[in-house]
Structure formats: structure tokens, C-alpha cells
Amino acid sequence: MCGIVGYIGEADATPILMEGLRSLEYRGYDSAGVAVFNNGAAAVVRRKGKLSALQEALDAGSPRGRVGIGHTRWATHGKPSEANAHPHSDCTGRVAVVHNGIIENFHELREQLTAEGHTFTSETDTETIAHLVEKHFTGDLLEAVAAALGEVEGSFATVVLSEDQPDRMIAARKDSPLIIGLGRGENLVASDIPAVLKHTRDILVMENGEIAEITKDGVALRTIDGVPVDRDVLKVTWDASAAEKAGYEDFMLKEIYEQPDAIRETLRGRIGADGAVELDELALATEQVRALNRVYIVACGTSYHAGLVGKQVIEAWARLPVDLDVASEFRYRNPIIDEETLVVAITQSGETADTLAGVREAQHLGGKVMAITNVVGSSVTREADGVIYTHAGPEIGVAATKTFVAQIAAVYILALYLAEERGFMDAADARAVKAQLMELPAIVEEVLNLDEQVKEVAANYVDEKDSLFLGRGMGMPIAFEGALKLKEISYIHAEGYAAGEMKHGPIALIDDGTPIVVVATKSHVYDKVISNIQEVIARDGDVVAVATEGDADIARHARFVFYVPETSELLSAIPAVVPLQLFAYHLAKMRGCNVDQPRNLAKSVTVE
Ligand code: G6P
């Protein structure tokens, strides 16, 4: 977690650092700070709270200089406070460090350094890096940082400056992301590409165990152990404006509206002119696909819900049994994986620590790992055996929306591919499914027309404390996702439940007026869902349904209905989730919540 940015060049560093941090605030926002060097002397400004608090402090007096580092924090060690905000310094105040990750042996290091006479001023693990650099500095900052990191166990993306060599930044990474932006007469370093896009589209993606010496005129990359590294430059083709709000009130709303494109782009090029699914990325020969005996999906959060959709669709089309686990459970379960298991890691960011650990565990056990991710060059793309990209564009809102539907689109493609390679789908069925898939972007465009109606309905529930989301079949993961969206951004307690399980517990929660959102699109279990709605009504629950256009009957049961166009049952996940995203969005806005940056959450969870 946490966002890092560094600048070295000819321009005033502070506004550039702040601009970079603004695009990284999704990574954490409980405190922030900058260190800017001027004539070799460091000025550090840090504040508890969001970047706006830091900006206020800078407005009252901004340090000027041509080299600096900045950080926006999501606390792991030490509560959010000004003292724990980055950058951190050594005893002399000559070293400045920003860090993302967790130093696992920081207690031992701190004890040892304290015994050697170092004085700590924060509760963070990061501060140990500053003191280690001070300890190892004998005239060369690069060597001092390399030696310091040699003592560190755990994960880090870190950038270090020193008053002793103020014409360079040292950046290093292990298990936390870091990229270098190559400019003209200036260079930048950051946790994520949007932070440097206003300056350059030429990117060096740092790999685990690498360290870079960055001056305004160049970058020298090597391993921390000292082996020089030659890395190809990645040219970023997407537009910086894609990372801006483009006139929408919030990133989340913009991203909800970008969903037709996210699906379109993810499907693009996957179905060839001859109608065959093209998935060369799977890196498995047909015989290997035929030999598969199982699929295991590993993911967290919203990506896990895409996995629940994947389980149903892969089992239905490819007739392969699918297991599914949240990554934090999978990694410690000693899961049953062998060479005939295809492990699918679904992760929007490609950086979720638990999912990455799951990937490593699966590979260790002999499984082939396919990643579904949205971020080019992210850690999972380098670790997995194959990657299916969801081309949804950068997602800034912490609550995932467009990447969720893109993940589902990718899962459909994977399921179709497995079904065809294994010979489990006849040509006519496959053609029909593909045609329906290609209609999904237009269908979602239609569903977005519900926005005003959803807003009006949401107005009835602004003061609710509890809610229940129910669904069966494809409606179940969508109910889970609808509940997750609502609780994440509006702080209304929301439980997502398999509708048939309601009578085993949640039914006790229903009383006069409790909002019960039911996914009741046409399916082979539609009648069962209607029975569940009856059970809710009998207990005075207040039903809001998502139903299929033309289903006049449901209006007799539900107080409000959001009608979505008909699709085949297995494809209904995508149209059904859109009204629930809008429902959560409008309720959160009406309750005055910050939908893009909900409290306590972060977009990319790079710690376990
Ligand atoms: C965080 C985000 C969620 C996301 C989850 C998994 O909790 O707030 O929106 O679903 O991480 O992230 P991933 O990048 O692995 O999909």
C-alpha cells in the first residue's frame, strides 16, 4: 500500500510531487509528506490526513528545490499521525526515505540500531531504512542503500535521498511496485504509471530485487547484489486524461459509465475472424488443456466475486470442476494442486499481496497459473505463467466497478476457450454465446439509462442502517458484489447471501422496512427466487428487485424494480450488477460519503 513519488530535474519539485501524489492517493490517504532538497539541504513537510491537509501546509510555505520525494500513506506499523508520516529521516536528518511495504524484521533491526546509538522518532518500520542507510554510508549513497536493504526482510518499494549526495535518488523494490519515468533532463519514480504521465510516457518497470541510481540525466539499474540490468523501455499508449475525471463528479461514476468500453476492449481481438477464441496468452498446448482435471480460482474482494461467476461459467461450459478460495485462505491452506490444475488468479491491480502469495504457492505445488489483471507490468504479470489482460483502463475509484465487469468478460472468454479446446461445446452453441457476448457493451449502455430511476429509489433508503442482498445462480455473486459496493462506500451494513440460505439465519434480521435487494433476473431458479421474495414480504421486508425487461409479474412483489435487458442466464451477471453499483453510488453520495476514497480502504492491498 502507500503511494510513492520522486522527482529529479530542473523544475520546482514540490508541485510535481503533489501532482503525482494526487494520482496515487487511491493507494492510501491517512497521512502524506514531501522532502525537497535545496542546495543540498532537506526541507520536510508532513501532515496527518489526506493530501489536502499537506497541500494547505505547503500553501502556507512551500519548500523549493529541484529534487524531492513524496508519499501518501496507508498505515501498517504505527497509527496515522504526523510523526509516522513519511518521509522519515535518520539521526542526522540528512537522509530522507519513503517506503511502501512491510519490513518484517523491523523489531530486531530497531533494537539493534538503538543499541548502536540510533534514536527513533516514529513507530514505523520504514524509519529503520533511514538509520541503516546512515549506518552504511561511507560516501556512496547507492552502496549505502544496497547494504541497508541487504539487512531488511520483507517487502519494500523505497526511494532514498541524502544531503550528502543531493544530485541523485536511489530507488529499490522487492514485492511492492515501483516504476521509473524517463524524461528529458528530468526523471521520476513512482508506485504507479499515472503519477508520471504528465511528464513522460517512457517507463522502466523495476523488478524485484533491483535498485536504481537516478540523476536528472540518467538511470543506472542493477540488482541490489550488484549485477547490472538492461531493461527495455515500456511506451505507455493510454492517455493521461484517462486518469482524470473527464467531467464526472467522481472517478467512481466515470468508471461506472466506462463499463461498455471496458467490456468492449476486453473482448476485442479475442474472437478471431473464423469465430475461434484466441487466447495465446494461456500458454498451454491443446493436449495440456485437455489433460486439465480442475480449475482453482484465487482472488480477493471484488475480484473474488468475478471468480464466483467464473466457477459457474467454467463448470457449465467446459465441464471442469472449479474450486475457489479467497487468496488469504488459499495461501495457508496447503491446497490440493497438481500439474493438471489450472490456477486462475484474478486481481485488478496485479499487486494484491495475498493473491501474489497464492500464485507462488500454486506454482510451488506444480500448478499452471493464469492471471487475469488490468495493470500492464504489474507483479502478477511477471510471476504468472500466462496473463489475460482486462483492458478497462486505469481505475482510480477505490471500489472496483469497470474492472469487475471486465474481469467477468475475461472469465467468459477463458471459459469459452476451455470449453472449445476440450470439445465440450458444439459449434452452434459457441457461436450463439459469442454473438451474445458481443452484445454486452450495448446492453450495459442501456442499463446505464436507469441512473435517474436508481437515484430516485435510493433516496428512500438514505437513513437505513442494515440491508440484505439476495440472489441465486448467477444472481448470487452479483448480490454479494452489490452488498460489498454498498458497505464499502456508504457504510450501510449490507449482507450478501445466497437467497436459499436466507432462512438459515439472515431472515431473523428482517423487520418492518429493512431494504432487501434481490437479483431476480430470468433464470432456471427464477421461481425459487420469487419464493424467497415472498418470504421477505411476509416479514415486512422492503424489496428492491433487479429483473428482466418484460417481467411484469415481479412488480406485484417488489416495491421497486430495476429492469435490465434479457441476456442468456450465464451472461446476466454483467447487466445485473450495474444498477447495484449505481444504487450504492447514489446512496453514498446522498449520505455525504467520499465514494472515491472510502474510509479505511485502499485500492491496492500490497500487504497481507
Ligand atoms: C481492495 C480493493 C478492492 C479489490 C481488492 C482486491 O480491497 O479496495 O476493490 O477488489 O482489493 O484487489 P485486486 O487488485 O487484487 O483485484
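Start by selecting Cys 2, Thr 76, His 86, Gly 101 and Asp 125, the residues nearest the centre of the largest cavity, which has 15 lining residues. Here a cavity is a set of points, on a 1 Å grid over the protein atoms alone, where a 1.4 Å probe fits but cannot get out, and lining residues have an atom within 4 Å of a point. The space inside the largest cavity comes to about 80 Å³, where a volume is the space filled by probe spheres set on the points, with grid points joined across faces, edges and corners. Its lining has five nonpolar, eight polar and two charged residues; Ala, Val, Leu, Ile, Met, Phe, Trp, Tyr, Cys and Pro count as nonpolar, Asp, Glu, Lys and Arg as charged, and the others, Gly among them, as polar.

A word on what you are viewing: this is a predicted model, in which local features need pLDDT of at least 70 and side-chain atom pairs count only at pLDDT 80 or more, while totals for chains, interfaces and linings use all residues. Residues are numbered from 1 along each chain as its sequence is written, and side-chain values use heavy atoms, with hydrogens and water left out.

Stay on His 86 for a moment. A cis peptide bond, with omega about -5°, joins His 86 to Pro 87. Pro 87 sits in the loop between strand 4 (67–73) and strand 5 (88–89); helices (H or I, at least four residues) and strands (E, at least two) are DSSP runs, numbered from the N terminus.

Next, colour by domain: 3–237 is domain 1, 251–425 is domain 2 and 449–590 is domain 3, with bounds that come from an automatic or database domain assignment. The C-alpha centres of domain 1 and domain 3 are 45 Å apart.

Now select Trp 238, Asn 374, Val 375, Val 376 and Pro 394, which lie nearest the centre of the largest pocket. A pocket is an open set of grid points with protein on both sides within 12 Å along at least five of seven lines. This one has a volume of about 680 Å³ and a lining of 40 residues. Strand 14 (234–235) and helix 7 (259–267) are the elements that give two or more residues to that lining, and helix 7 gives the most, with three. Because domain 1 and domain 2 both contribute lining residues, the largest pocket lies between them.

Move on to the ligand. Of the 13 residues around the ligand, Ser 303, Thr 347, Gln 348, Ser 349 and Thr 352 come nearest; a residue counts as near if one of its heavy atoms lies within 4 Å. Helix 9 (residues 301–318) gives the most to this shell, with three residues.

The protein buries 91% of the 390 Å² that the ligand exposes when taken alone, using Shrake-Rupley areas with a 1.4 Å probe.

Follow helix 9 onward to Arg 319, in the loop between helix 9 and strand 16 (322–326).

Finish at the second largest cavity, with a volume of about 70 Å³. Select its lining residues, including Arg 472, Met 474, Lys 522 and Glu 569.
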